[in-house]
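Please prepare a briefing on the fold of the protein shown below.

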Amino acid sequence: MSTYIRKKGYTIGERPLVCVPVVAEKKEEILAQVRMLAGERAQMIEWRIDWFEAADDKNQVLEVLQTLQKICKSTLLLATYRSKKQGGEGILSQKCVTELLLSLAESGNADLLDAEYFELEQTQKLFQRIHESGTLIVASHHNFRETPSPEEMLGMLAQMQKSGADIVKLAVMPNRQTDVAGLLLATAQFKEQFPDTPLITMSMGSMGVVSRICGESFGSCVTFGAGVKASAPGQMGKKELAQVLQLMHQAITGGDANIYLIGFMGVGKSTVAGALRQLCGMEIIDTDEDLVQRAGMSIPEIFEKHGQETFREMETALFRELSETKNVIVSCGGGAILREENRMLMKKSGTVVQLTAEPETILERVRGDHNRPILEGRKNVPAIRALLDERREAYELARDVTVATDGRGTQDIAAEILEKIKERK
């Protein structure tokens, strides 16, 4: 059985993650791009240090990295110094690169470090020191001229694997279509021989685009999609890449079921839905937001003008529509499970996940929110507990799985949801 790497709630080694490279010279531009990507919930960001105008100043590099890690609270941060020999902009000596990698690791501000395996010496000793900091290592090799034979590529990957790297990476340039097939063959063979080591492979250029989207079939666990600027030939745009990967996943797994998040007000359905989207790329529909948009007024206004029963009728009509959709995350209003028809429509078209939280947690989360008419005038623990008790049976009838949210990060909650859904299949 494969052993996957867990970091920041992500699973590295299963479905391919999309990594977006940041290639910019100025500090301000680097920070701006990373803020934008993190705000868009990028799964992984690669900072290409070799592009940074002060890449030869270790203190400045460490200062920028520290800021980037603060920005990337829910995004994996990969730090890379790519040499000119390997297709990058870096001109530092081997000794300086080794010292830089150790400093980056010791700072604790990189989730992953890229190390050019065949450009460095005493890699096992170096990787051991990096591991002591808790940083993951990607041992990489890039050939921008040609594609070696499948046997040679498999040998290089195996050599990097024996070094103690957490992840191995190989990127090659095809000169003919059979080169792309050779890279995919080597990828599949490595995965069969070393199922416990995640790998990243790609055939570059337009000829090799297919290798960037078929990782789930052949075993490559990360693929690179361009943000503001591509870092290598053949990179697709990050948004288009994520869409293609999602379609590939549906075709491979046959999965087209929705994920319905139910639970009391304040359990975190909306924020967890965002984390789920990061992990699996599915679109989000928030039923309350959808109904507000359709009605042209807030939920309290709907209640006041038309009454709660009319709102529930509108809600059920929406669930009838949703039951005909595929592969979306639905963040459900707190009272959606009160109607049997809603519960049946959810179960018919997806997995129903109940998020839970203690009354004290819920009160803290909704205390300043005045868009919840059911709670107005009774925002206290006893009242919340009473409402939870009233709805307990409805939740039990609706749910397929239950996940607690108290005191937990949304990425961990989302990862547990996906794991429980997988266990049900």
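In β4, Glu-46 is the bridge partner of Pro-21. Strand β3 (residues 17–22) and strand β4 (residues 44–48) run parallel and are joined by four bridges; strands count as paired if DSSP finds at least two bridges between them. The model is predicted, so local features need pLDDT of at least 70 and side-chain atom pairs pLDDT 80 or more, while totals for chains, interfaces and linings use all residues. Residues are numbered from 1 along each chain as its sequence is written, and side-chain values use heavy atoms, leaving out hydrogens and water.

**Eight-stranded sheet**

- Eight strands form an open, parallel sheet in the order β9-β8-β7-β6-β5-β4-β3-β10.
- Its edge strands, each pairing on one side only, are β9 (199–203) and β10 (222–224).
- From one strand to the next, the twist averages 25°; axes are lines fitted to C-alpha atoms, for helices over the stretch in contact, and angles run from 0 to 180 degrees between N-to-C directions.
- Helix α3 (residues 94–107) lies across β5 (76–80) and β6 (112–116), at about 170° to β6.
- Helix α6 (residues 177–193) packs on the sheet and touches β8 (167–172) and β9, its direction making about 170° with that of β9; contact means heavy atoms within 4.5 Å.

**Five-stranded sheet**

- A parallel, open sheet is formed by five strands in the order β12-β13-β11-β14-β15.
- Strands β12 (283–286) and β15 (401–404) are the edges, and each pairs on one side only.
- Four bridges join β14 (residues 350–356) to β15 in parallel, and Val-401 in β15 is the bridge partner of Val-353.
- Helix α9 (residues 269–280) lies across β11 (258–262), β12, β13 (328–331) and β14, running at about 170° to β13.
- Helix α12 (residues 308–322) lies across β11, β12 and β13, and runs at about 155° to β11.

**Whole protein**

- The protein has 16 helices and 15 strands; these are DSSP runs numbered from the N terminus, with helices (H or I) of at least four residues and strands (E) of at least two.
- The radius of gyration is 24 Å, close to the 22 Å that the globule rule gives for 425 residues, so the protein is as compact as a globular protein of that length; the radius is taken over C-alpha atoms, and the rule is 2.2 Å times the number of residues to the power 0.38.
- The C-alpha trace spans about 70 × 45 × 35 Å along its principal axes.
- Of the contacts with a separation of 6 or more, 73% are between residues 24 or more positions apart.
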